[in-house]
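Reader: I have a chain to go through before further work. Could you take me through its fold and its surface?

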Amino acid sequence: MFTIEHEFDATVVTLVDEAGPHLTEDVVISAFDDCVTVTQVDIRTDMPVTITLSLSQLRDLSMALDLPEGSYRLRKDET
């Protein structure tokens, strides 16, 4: 299950774990004009942990999901 909310400065997607007996905390993804943040509460500390991805890193992650193991560098096509 997931939700999508459009706020003033971001689009927020919340992923809810419904997969089985060992559920994890919700994952909140906030997309801003210049970056994307991913936040999840750490169950050991009960504190939220946030990582920030630049749009370039997000593009690379999106591409990496469909590639085999290896090291890659995306380059702009010069045509």
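Predicted model: local features only at pLDDT ≥ 70, side-chain atom pairs only at ≥ 80, totals over all residues.

Reader: How does its radius of gyration stand against that of a compact globule of 79 residues?

Author: The radius of gyration of the chain is 16 Å, whereas a compact globule of 79 residues would be near 12 Å. The C-alpha trace spans about 50 × 35 × 25 Å along its principal axes.

Reader: What share of the residues is buried?

Author: Among the 79 residues of the chain, 13% count as buried. The accessible surface amounts to about 7,000 Å², and carbon and sulfur atoms hold 56% of that area.

Reader: And the charges: how far apart are the mean positions of the positive and negative ones?

Author: They are 16 Å apart, the chain having 5 positive and 16 negative charges.

Reader: Let us turn to strand 1. Which sense does its pairing with strand 2 take, parallel or antiparallel?

Author: Strand 1, residues 2-6, pairs with strand 2, residues 11-15, in the antiparallel sense. The pairing runs over five bridges. A hairpin of four residues joins the two strands.

Reader: Which residue stands opposite Glu5?

Author: That is Val12, in strand 2.

Reader: How many of the five residues of strand 1 are buried?

Author: The count is zero, and strand 1 is hardly covered.

Reader: Now Ala31. Where does it lie?

Author: Ala31 lies in strand 3, which covers residues 27-31.

Reader: Why does Ala31 count as partly exposed?

Author: Ala31 counts as partly exposed because its relative accessibility is 33%. Buried would require a value under 20%, and exposed a value over 50%.

Reader: Which residues does Ala31 touch, leaving aside those up to four places away in sequence?

Author: Ala31 touches Asp9, Ala10, Thr11 and Val36.

Reader: And how far is Ala31 from Phe2 in space?

Author: The C-alpha atoms of Ala31 and Phe2 are 15 Å apart, with the two residues 29 positions apart in sequence.

Note on methods:
Residues numbered from 1 in each chain as written. Heavy atoms only, no water. Rg over C-alpha atoms; globule rule 2.2 N^0.38 Å. Buried < 20%, exposed > 50% of the residue type's maximum accessible area, 1.4 Å probe, protein only. Areas by Shrake-Rupley, 256 points an atom, 1.4 Å probe, with all protein chains shown as cover. Lys, Arg positive; Asp, Glu negative; His and termini not counted. Charge placed at Lys NZ, Arg CZ, Asp CG, Glu CD. Contact = heavy atoms within 4.5 Å. Pairing = 2+ DSSP bridges.
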